[in-house]
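The following exercises concern a predicted model. Each task is followed by a solution in steps.

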Amino acid sequence: MCSSTTLRACTALVLTLTLGSCSRSSGSSGAPARSATTERRAVLVTIGSAATFGDGLANKLRDSWPQKLYHEAFPTSTVLVNASDRAVTVGRALGQPLALALEVHATVVAVWLGDTDASVENFGTSLDLLVERLRDSGARVLLGNLSRDRAGDAAANDAIARIARARGATLVDLTTALSGTPGVGPSSLVDVATSRKIAEAFAAALAPS
Amino acid sequence: MNYRDAIAIAARSVTRRLGRAVLTVLAVALAAALLSSLLIAGTAARSRVLDDVSRGGPLTGIRVDAAAPDAGALDTDNPPQGAPRPIDEAARRRIAALPGVRGVVAVVVNPVLVIPPANLPKPTRGTTTTINDPRLLGDEPGAPFRDQLVGVDLTRLTDVPVSLEAGRLPDATSQTEVAVTEGFLRRLGLTKKDAERILGTELELGAARLFSERDATVVRGRWTRMNIVGVVAQQIGDGQLLAPIASATEARHWAASGSNSAAFGVDSSPYSALFVVARSLALVSTVRAEITKVGFSTSAPETLIASVQRYLHVVEIVLGGIGLIGLVIAALGIANAMLAAVRERRREIGVLKAIGARDRDVRRIFLLEAATLGCIGGAIGTTAGWLTARALAGVVNGYLAKEGLAGVSLGVPTTVLIGGVIGATLLALVAGTIPAQRAARLPARQAMGDR
């Protein structure tokens with residue numbers, strides 16, 4: 001399904017790590033010291049599935065919705081960590097993606113999940129826990145809802161809206177934003193135009209009302 | 001006879017035989033011009049060659065790597081490294097306190113994936129650059145590529161002189177500023193002429209980190225956006241991106257916290273390297289030996305610089321020799337002119353002696369005349385030599401610019417200019433000594449009788 005260009009882009013990050021003639025392996029432990037003069041930077045973390053990862057895009061490093069949101073709605077000094085994974089469930093997002101958001105002291109976390117969970121009940125419970133943990137860390141949480149194309153989307157959207165209200169998260173109305181592109185969900189392939197729509201919806205939710 | 005009278009007689013003699021005086025002055029001027037232009041060009045070439053040898057740092061710079069010295073390594077500029085050994089702040093301070101060390105600059109290097117500016121300027125018309133870099137992850141100029149982010153303590157830039165092609169260096173405390181190299185421009189299909197146009201554009205840097213999840217390994221990037229504020233002439237270590245050390249440290253912290261970062265060239269050393277500057281070229285060997293005792297591998301181009309210095313010294317001797325031959329010829333010209341003057345002015349010498357001038361008064365007149373010719377010739381010659389060297393530098397700089405290399409700066413070689421005038425005057429005095437002596441010893445009666 002993926003073109004050679006897509007595959008090349010998929011391996012870009014992996015290839016990044018083959019660098020480093022100046023850096024050498026060391027047997028000792030301990031991480032580099034942080035500079036005392038470094039100011040606290042805004043950190044955007046995105047948690048999602050295939051669409052957030054950028055599957056379907058030839059140039060996901062430029063065109064995925066987290067990248068577009070990062071470029072268009074945040075100042076230059078912001079750091080982006082895309083903690084998405086293909087076919088991730090909310091249950092799995094409670095693992096490494098959540099830990100990562102907490103580790104980097106995320107100031108904004110954009111979450112778009114929901115169409116890969118087995119049941120709405122489990123989805124609601126796990127999402128509530130995820131948002132609670134993120135809100136407790138002081139992060140602003142943006143919660144994207146679903147497009148209502150599939151069975152269960154409406155119930156999932158009810159859960160998302162309820163959790164957003166209860167936990168002080170910001171609901172991102174992707175149902176409306178993606179109304180012209182049926183079949184698009186968190187775990188689907190996306191094109192550049194769809195990525196842009198998703199990013200714009202998140203950016204609109206970020207703006208003060 | 002006082003000096004004023006002697007000067008007046010010498011000046012009158014010079015103006016009375018203006019043609020011969022002008023020719024003598026020209027001979028001296030030509031020789032002085034030849035010598036001074038050769039010296040100026042030689043000195044400029046010397047500094048240029050040594051600057052090139054020490055690209056990326058001063059001549060007294062020593063690179064200290066995060067590795068122990070190889071016990072079996074012979075003394076070379078770049079000895080093989082021993083086992084990895086982290087450089088921490090304590091090691092940096094210990095090295096900074098060593099005798100002969102002028103300064104220590106910490107360097108942090110981290111591999112990054114670079115997303116070039118989206119609004120990449122088009123190459124300047126008429127220039128073509130072939131992009132043939134295996135690190136490019138695509139065929140087009142805007143494709144992402146791998147590189148090294150080199151973080152340097154920019155508050156210590158006096159110890160790491162970096163010359164700018166365009167713009168400025170990043171602010172030492174900025175988290176969003178970066179300078180790039182000419183190599184970076186070439187990778188984007190641009191040339192040095194495009195340096196100004198890339199300023200203000202934004203690029204994105206991703207530091208990668210490995211995560212192990214069950215049986216899978218996931219790579220996640222930590223992305224930062226940076227504005228290009230300058231283009232530097234030198235390659236910066238192994239990288240093309242120069243940033244404040246805090247930016248590189250943050251990226252390195254992220255990468256080093258991964259599950260198997262060492263396999264991808266990211267170690268846990270707080271500093272990737274140190275750049276140590278010795279107080280003088282002569283102390284480089286001593287400082288390197290001291291750092292080896294502390295337990296770190298070093299590299300410095302000291303053997304190369306010593307070889308280049310020897311070679312350049314030979315060139316200077318040859319050039320100086322050519323100039324000196326010119327000066328000797330000029331001296332012979334002065335002596336010849338003065339001997340001719342003595343012969344022509346025998347009657348005048350006789351009259352001077354008849355009215356009471358002593359031998360030393362006559363000698364003084366002729367020496368003053370020779371010194372005047374030498375001084376004027378020296379002043380004209382050294383000035384002409386400097387202008388000639390400048391013209392030559394213009395031609396050379398044109399060629400260097402065409403080749404994409406930094407030009408030569410001559411400055412004003414005060415020592416050569418002053419030394420040229422004084423030297424030419426002294427040479428004229430020496431050359432005029434025998435004619436002056438001959439004139440002084442000429443008996444008055446013999447001088448008058450010849451007529």
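**Exercise 1.** Identify the buried residues of H11(B), and describe the length and the course of this helix.

*Solution.* Step 1: A residue is called buried when its relative accessible area is under 20%. In H11(B), this group consists of Val416(B), Leu417(B), Gly420(B), Ala424(B), Thr425(B), Ala428(B), Ala431(B), Gly432(B), Pro435(B), Ala436(B), Ala439(B) and Ala440(B).

Step 2: An α-helix has 3.6 residues a turn, so residues three or four places apart point the same way.

Step 3: Helix H11 of chain B covers residues 414-440, 27 residues in total. From first to last C-alpha it reaches 37 Å, close to the expected 39 Å.

Step 4: The helix H11(B) has a kink of about 40 degrees at Thr433(B), shortly before the proline Pro435(B).

**Exercise 2.** Determine whether Ser272(B) is buried or exposed, and state which polar contacts its side chain makes.

*Solution.* Step 1: Ser272(B) lies in the loop between helix H6 (245-256) and strand E11 (273-278) of chain B.

Step 2: The relative accessible area of Ser272(B) is 2%, and therefore this residue is buried.

Step 3: At 2.7 Å, the side chain of Ser272(B) reaches the backbone nitrogen of Val109(B). The side chains of Ser272(B) and Arg252(B) are joined by a polar contact of 3.3 Å.

**Exercise 3.** Which residues make the nonpolar surface patch of about 380 Å²?

*Solution.* Step 1: The patch is made by Leu18(B), Val22(B), Leu23(B) and Leu26(B).

Step 2: Of these residues, Leu18(B) is placed in helix H2 (residues 18-53) of chain B.

Conventions. Residues numbered from 1 in each chain as written. Chains lettered and ligands numbered in written order. Predicted model: local features only at pLDDT ≥ 70, side-chain atom pairs only at ≥ 80, totals over all residues. Heavy atoms only, no water. Helix = DSSP H or I, 4+ residues; strand = E, 2+ residues; numbered from the N terminus. Expected span 1.5 Å × (residues − 1). Bend = angle between axes of the 7 residues up to and from the residue. Buried < 20%, exposed > 50% of the residue type's maximum accessible area, 1.4 Å probe, protein only. Polar contact = N/O pair within 3.5 Å; in protein donor to acceptor, adjacent residues only side chain to side chain. Patch = residues over 30% accessible without salt bridge, like charges linked within 9 Å, V, L, I, M, F, W, Y side chains within 5 Å. Areas by Shrake-Rupley, 256 points an atom, 1.4 Å probe, with all protein chains shown as cover. Salt bridge = Lys/Arg side-chain N within 4 Å of Asp/Glu carboxyl O.
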